[in-house]
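Me: Can we go through this one together? I have a few quick questions before I set anything up.
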Amino acid sequence: MAMSRDEILQQVQEVLVDALGVDDDEVTIEATLMGDLGAESIDFLDIVFRLEKRFGIKIPREELFPAESLMTDSELIHNGKLTEKGLAELRKRMPHTDLTEFEKDPDINKMADLFTVNAIVNYVENKLSAA
Amino acid sequence: MPRRNMRWIWIDKFTEFDSGKRAVALKNVTLAEEHLHDHFPGFPVMPECLMIEAMAQTAGILVGEAAKFQEKVILAKIKKAVFFDYVKPGDTLLLEANIESFAPEAASTSGKITRTDRLIAEIDLMFSHIDQNLAGKEFPAENFVFGSGTSVFESLLRDVLPETIERSEPV
């Protein structure tokens, strides 16, 4: 039986409460994982493992949180901002994330803000409907 | 100069070892451990952080063996650590670790510490394979966690994985 978006959100919230030790009222749909919820790099792997178990899906390396691999490529990043090519790459890798605000000023320091609760819910929703 | 790897051993031996899945280790707690005289004077109890260490070694070796000791396995996160009872000198602890998830860059484990069927602690951990992480930062080529040949920790596996010992014995 297909899960509704609300059900997915509720499960994602539970995963984040357990993985990050935050209160459930902090895990709003627009909360950012790093800025608002204090996630560090190892937490992203923890979250991936927990989502895989919770939803019975396989999440390939880099698919849900692909930013790190972009950071080291000088064609994709210039002067602390993503280039056109970098943005195109990011769009390709993060189809589950709304990038319109970020594209106005693609500062890599703001890339962390792209990882929101909403992005995870979108990702899981796509993944479940493709299954 | 020979390097010693993982020189601080905090468990006594493995009693069960199911490669890539589950391991059980044993630790005897003794008043010969000096820190127990200060923790606390007249009331020696095992510090909880050292129960986490014992579980980290049990689960860490389980995770290391799953990749044939080729990865540098580092404790990256204590996901959960809940304690239910004191541990005192003379106690024999059983540490049971299970691999929950395993990926090229990391692994997560769940674990229980018991003393004659009484639950002492639940400790869930995450380990990082550091060469696969941290955006290409370079670490020494030598495996400083599980070195070859001289590692003391392999004797821990003597009862459960005899082939590991044979491999490490000098020819």
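Me: To start with B:Asp124, is that residue buried or exposed?
Reply: Bearing in mind that this is a predicted model, B:Asp124 is buried, because 22 other C-beta atoms lie within 10 Å and the cut-off for a buried residue is 20 or more.

Me: OK, and which element is B:Asp124 found in?
Reply: B:Asp124 belongs to strand 6 of chain B, which covers residues 118-129.

Me: What does B:Asp124 touch, leaving out residues up to four places away in sequence?
Reply: With those neighbours not counted, B:Asp124 touches B:Lys79 and B:Lys80, together with B:Thr109, B:Ser110 and B:Gly111.

Me: And where does B:Lys13 sit, in terms of C-alpha separation from B:Asp124?
Reply: The two residues are 111 residues apart along the chain, and their C-alpha atoms are separated by 20 Å.

Me: Zooming out, what pattern does chain B follow?
Reply: Chain B has two helices and six strands, and read along the sequence they give the pattern β-β-α-β-β-β-β-α. Of the 171 residues in chain B, 35% are buried, and among contacts with a separation of 6 or more, 68% are accounted for by residues 24 or more positions apart.

Me: Switching topic, how many residues of chain A are in contact with chain B?
Reply: Nine residues of chain A are in contact with 14 residues of chain B. On the chain A side, helix 2 (41-55) and helix 3 (67-71) each give two or more residues, with the largest share, five residues, coming from helix 2 of chain A.

Me: What about classes on that side?
Reply: The side of chain A that touches chain B has four nonpolar, one polar and four charged residues.

Methods
Residues are numbered from 1 along each chain as its sequence is written. Chains are lettered from A and ligands numbered from 1 in the order in which they are written. This is a predicted model: local features need pLDDT of at least 70, side-chain atom pairs count only at pLDDT 80 or more; totals for chains, interfaces and linings use all residues. Two residues are in contact if their C-beta atoms, placed from the backbone, lie within 7 Å. Helices (H or I, at least four residues) and strands (E, at least two) are DSSP runs, numbered from the N terminus. Ala, Val, Leu, Ile, Met, Phe, Trp, Tyr, Cys and Pro count as nonpolar, Asp, Glu, Lys and Arg as charged, and the others, Gly among them, as polar. A residue is buried if 20 or more other C-beta atoms lie within 10 Å of its own, exposed if 12 or fewer, and partly exposed in between; C-beta atoms are placed from the backbone.
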